[in-house]
Amino acid sequence: MPYTAPSRELLQHLEKARSVVVLTGAGVSAESGIPTFRGQGGLWREFRPEELATAAAFEQRPKLVWEWYMWRRQLVAQAEPNPGHFALAALETKYSEFTLVTQNVDGLHMRAGSRNVIELHGNIMRSRCHECGSPAGEAALDKDGQLPACECGGLIRPDVIWFGELLPPEALKRAWEASAHAEVFLSIGTSSAVQPAAGLADMAKRAGAYLVEVNPDTTEMSDRFDEVLRGPSGAILPTLCEELRLNFSRAPMFAV
Ligand code: BJW
Ligand code: ZN
């Protein structure tokens, strides 16, 4: 797929910046074989993610929701980070202040070696009680379709954030603070359709950051960016690292 090369202006911003914030979405993991939420591949059976990623769906049809998550957990367990993930881990090594805010729940940034990662929407491999919030390890639907339950009697659910639920307050606060001080803000592989994550770009803009979008398609927010790089992140981000003469490796840089 053809893709846009980073401009000289972007490279200059990245050379002189001290503080960089990256927001990632499902598109970054698409090249690792994990389906995005919207657009092609966004359907599971006949359901759209918006129909399943809610507390109401879980309360009404917990087994159905768990089956969706079991399918996705399996995809995540089999997936490997792609060159886009590794390039972001390499980019982090250049800056004293680098924050990777991710909406993804697959843990692939950490597996690629990224260090300062904020998971806004939780992590699909962890579980917790839907009633009392107690952590529940990797508890899951068992082979016979038995739902996992907590000592308190509540149902256990994946430790992710559904529509209508508050994001983890500490994670959101750190993401806001980093965005409000960003000199360069990169929004990568996200449709920018979901709040409050999408609003981080506006916050960075108000702080005077140079705003860049990396995405093969136009998004709801494309016209607010200073620069738009059209194409897959797995091709654009390695190119960016090469232009910045960063030692870019396609294998994990740190043992995890
Ligand atoms: C590539 C590529 C390649 C493809 N390379 N790119 C203000 C206004 C209106 C509504 C709200 C508002 N504030 C809050 C809301 C309500 C709601 C919301 O935003 N609704 C909108 C849909 C309108 N937000 C919430 O409810 C949030 N909670 C909250 O704000 O609490 C307070 C509150 C509650 C109620 C009312 C008001 C305030 C919680 C949001 C939780 C989102 N949860 C999910 C599921 C997580 C668990 C799970 O994984 O199952 O998070 S939904 C889903 O969307 C998931 C994602 O993280 C999130 C974002 O999706 P993302 O990552 O952008 O993926 P896609 O598929 O949309 O886009 C992929 C992109 O990649 C595309 O653009 C492709 O082109 C691109 N791409 N290949 C690069 N190779
Ligand atoms: Zn409980």
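**Figure 1. Salt bridge between Glu97 and Arg18.** The side chains of Glu97 and Arg18 form a salt bridge with an N to O distance of 3.5 Å; a salt bridge here is a side-chain nitrogen of Lys or Arg within 4 Å of a carboxyl oxygen of Asp or Glu. Glu97 belongs to strand E2 (residues 97-102) and Arg18 to the loop between helix H1 (8-16) and strand E1 (19-24), so the pair ties together parts that are 79 residues apart in sequence. Helices (H or I, at least four residues) and strands (E, at least two) are DSSP runs numbered from the N terminus. Glu97 is partly exposed, at 33% relative accessibility; buried means under 20% relative accessible area, exposed over 50%, and partly exposed in between (1.4 Å probe, protein chains only). The model is predicted: local features need pLDDT of at least 70 and side-chain atom pairs count only at pLDDT 80 or more, while totals for chains, interfaces and linings use all residues. Residues are numbered from 1 along each chain as its sequence is written, chains are lettered from A and ligands numbered from 1 in the order in which they are written, and side-chain values use heavy atoms, with hydrogens and water left out.

**Figure 2. Salt bridge between Glu67 and Arg45.** The N to O distance in the salt bridge between the side chains of Glu67 and Arg45 is 3.3 Å. Glu67 sits in helix H5 (residues 62-78) and Arg45 in the loop between helix H2 (27-30) and helix H3 (49-52), so this pair ties together parts that are 22 residues apart in sequence. Glu67 is partly exposed at 24% relative accessibility, whereas Arg45 is exposed at 52%.

**Figure 3. Salt-bridge network of Arg38, Arg48, Glu50 and Glu51.** These four residues are linked in a network of salt bridges. Within the view, Arg48 pairs with Glu51, and their closest N and O atoms are 4.0 Å apart. Arg48 is partly exposed, at 46% relative accessibility; Glu51 is also partly exposed, with a relative accessible area of 37%. The structure as a whole holds 17 salt bridges.

**Figure 4. Loop between E6 and H9.** A cis peptide bond joins Gln195 and Pro196, with omega about 0 degrees. Pro196 lies in the loop between strand E6 (184-188) and helix H9 (199-206). Ser192 is found in the loop between E6 and H9, and its phi is near 55 degrees, a positive value in a residue other than glycine. Ser192 is buried, with a relative accessible area of 7%. Most residues other than glycine have a negative phi, and most peptide bonds are trans.

**Figure 5. Arg245 after helix H10.** Arg245 lies in the segment after helix H10 (233-243). Its phi is near 55 degrees, a positive value in a residue other than glycine. Arg245 is exposed, at 67% relative accessibility.

**Figure 6. The protein chain for context.** The chain has 10 helices and 8 strands. Its radius of gyration is 18 Å, close to the 18 Å that the globule rule gives for 256 residues, so the chain is as compact as a globular protein of that length; the radius is taken over C-alpha atoms, and the rule is 2.2 Å times the number of residues to the power 0.38. Along the principal axes, the C-alpha atoms fill a box of roughly 55 × 35 × 35 Å. Buried residues make up 54% of the 256 residues.
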